[in-house]
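Please take a look at the following two-chain model and its side-chain pairings.

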Amino acid sequence: MTKDVVLSPLARADGSASCTSNGYSVIAAVNGPVEVQRRDEIPEESAIDVVLRPAIGVGGVRERHLESIIEKTLRQVILVSAHPRTLIQITLQVVAAPVDSNASNNLHQSASNLSLLPILLQSSMLALLSTSLPLTMTFTSTLIAVSRSGELVRKASVKALKEAASLHVLAFSSLGELLLAESEGAFDVDIWDQVYRWAEKDCRKSDLGDPTQTDDVDMDLSKPGSLEDSLRSIIEEKAAREYRWKES
Amino acid sequence: MPGQVLSEDVLPVPHKSSMPLKLGPGLRHAPPSTITTSLAGPLCIDRKKNAIWVENNSGRYIPQTNDVIIATVHHSSTDWYHCSITPYTTFAQLPQLAFEGATKKTRPQLTSGGLIYARVVAASKHLDPEIACYNPSTGKSEGLGELKGGMVFDISLGMARRLLLNKQREEGKLVILEDIAEQVAFEIAVGRNGKVWISANGVKETLLVGKALQTVDEEVLNVDEQKKLAKKLLRQV
């Protein structure tokens, strides 16, 4: 998922990231902590404002729904007590969505609400890391589709998403906790358990080594590692670039 | 990475047991003895000072007491100037008498949009920051005050910290300013909020110094590359 990632593509935002995956492309920008409107002010915490703009047209109910899911997830991750009475604004712009070839008369941009959610979460996480806002943890998220025959599919195509019996978006924090579970369609508990195991395998670090070990040189991006590993290597790359001057 | 718990063997061991461990930005202490990170970046340890922190370069400036900053005057009221340190944050308060030798009758007249070089006197997450242009213990300005002429350039927070180091050359690995200063005379003021003010004899020289600093910052040039850049730029003067 995090194969095509650019950190801080926007110069004027406090932090930004753009992600491309599975046909979707999203730019996330974070501004904060900034002054908050009086009616949104929270005395002991910072308010989090998520703005989601679709690839075509203006946002509607679908976007508001996704915004509220993202806001609730990020509130767990950002250290909201560190900047009371401020606003952290996260703007997510969908740049490209996969084209549905046989949906010429379809007014809906996509069959499902959930297919966009993992990349939105992923890009907002990266933008937050690029902003250097204090966080309690990091998280990764993934989408798993269950086909009508009961097979689990990672990275499902548009067609597979349409034909799927159920869709599941799960997010795991770096502490190993389930942070978000959104499901759509018909499924039973056994399938959900299976989805949970798949998603955990996708997201979580493959081996929990010594966290202080910083010289993981053998971490290779081309190797199909977990999402958490690739998140870490993106940040390591950023740090290596920023502190190049120290070496000489 | 945020959320990691630091194991005890990375923490510096003090020479004297009375010396407390100092936690810098990016680290949180959860009693009794757990230290977790809250920022992503390389972990730095100063064994002499018994301090530990997470280095980071980006983001928005959060005012801290005793930082020198470059602020813009937004408007003034009877006793205060309201200054903007970073855009879209609450204004910092600058008392109109917080200047060297200022009295009720001889107070400096600052118009909105004017630049000031000031020190953060009080900063708390619950209050608006307060800044001053003099040292309250001596009453001297110590270089702080209104910045007249010149231009302001934006740089990253990490670069601003490097420029403010005592040993810019040894610790910050910055040689560009010294190299340029051999041929071009200029004045410089660096604010911790990622702003640098430069004033030289002409606009051309001012832009040269400012652009040089921004290039060094954006492209993360090392010492040799900085020397090359300085040579190239000075040839154009």
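Arg64(A) counts as partly exposed, because its relative accessibility is 43%. Its salt-bridge partner is Glu67(A), with N and O 3.1 Å apart. Glu67(A) counts as buried, because its relative accessibility of 12% falls under the 20% cut-off. Both residues sit in helix H1 of chain A, three residues apart, so about one helical turn separates them. All of this comes from a predicted model.

## Salt bridges

Side chains of opposite charge can pair when their charged atoms come close. Over all chains, the count is nine salt bridges.

| Residue | Partner | N to O distance |
|---|---|---|
| Glu45(A) | Arg75(A) | 2.9 Å |
| Arg64(A) | Glu67(A) | 3.1 Å |
| Lys195(B) | Asp154(B) | 3.0 Å |
| Arg60(B) | Asp14(A) | 2.4 Å |

Take the pair in chain A that reaches across the sequence. Glu45(A) and Arg75(A) form a salt bridge at 2.9 Å. Glu45(A) lies in the loop between strand S3 (24–34) and strand S4 (47–53), and Arg75(A) lies in helix H1 (residues 61–77), so the pair ties together parts of chain A that are 30 residues apart in sequence. Glu45(A) has 30% relative accessibility and therefore counts as partly exposed.

Lys195(B) and Asp154(B) form a salt bridge, with the closest N and O atoms 3.0 Å apart. Lys195(B) belongs to strand S14 (residues 195–200) of chain B and Asp154(B) to strand S12 (residues 151–154) of chain B; the pair links distant parts of the chain, 41 residues apart. Asp154(B) is partly exposed, because its relative accessible area is 45%.

## The interface

The size of an interface is often given as the accessible area lost when the parts come together. Here the area buried between chain A and chain B is about 3200 Å². Carbon and sulfur atoms give 55% of that area.

One salt bridge crosses the interface of chain A and chain B. Arg60(B) pairs with Asp14(A), with the closest N and O atoms 2.4 Å apart.

Ser132(A) also makes contacts to chain B. Its place is the loop between helix H2 (117–131) and strand S6 (139–146) of chain A. Leaving aside residues up to four places away in sequence, Ser132(A) touches Leu39(B), Asn56(B) and Ser58(B). Is Ser132(A) buried or exposed? Ser132(A) is buried, because its relative accessible area is 14%.

## Chain A

Chain A has 248 residues, and buried residues make up 48% of them. Its secondary structure comes to six helices and nine strands. Of the contacts in chain A with a separation of 6 or more, 68% are between residues 24 or more positions apart. Chain A exposes about 12100 Å². Carbon and sulfur atoms supply 51% of that surface.

## Chain B

Chain B has 237 residues, of which 46% count as buried. It holds four helices and 14 strands. The C-alpha trace of chain B spans about 55 × 50 × 35 Å along its principal axes. Among the contacts in chain B with a separation of 6 or more, residues 24 or more positions apart account for 61%. The accessible surface of chain B comes to about 12600 Å². Carbon and sulfur atoms hold 52% of it.

The domain assignment of chain B gives domain 1 (8–54), domain 2 (68–147) and domain 3 (151–234). The C-alpha centres of domain 1 and domain 2 of chain B lie 33 Å apart.

Chain B also carries a nonpolar surface patch. Which residues make this patch? Met151(B), Val203(B) and Leu207(B) form it, with an area of about 240 Å². Leu207(B) lies in helix H3 (residues 203–219) of chain B. Leu207(B) counts as partly exposed, because its relative accessibility is 31%.

Technical notes:
Residues numbered from 1 in each chain as written. Chains lettered and ligands numbered in written order. Predicted model: local features only at pLDDT ≥ 70, side-chain atom pairs only at ≥ 80, totals over all residues. Heavy atoms only, no water. Salt bridge = Lys/Arg side-chain N within 4 Å of Asp/Glu carboxyl O. Helix = DSSP H or I, 4+ residues; strand = E, 2+ residues; numbered from the N terminus. Buried < 20%, exposed > 50% of the residue type's maximum accessible area, 1.4 Å probe, protein only. Patch = residues over 30% accessible without salt bridge, like charges linked within 9 Å, V, L, I, M, F, W, Y side chains within 5 Å. Areas by Shrake-Rupley, 256 points an atom, 1.4 Å probe, with all protein chains shown as cover. Domains from an automatic or database assignment. Buried area = accessible area lost by both parts, 1.4 Å probe. Contact = heavy atoms within 4.5 Å.
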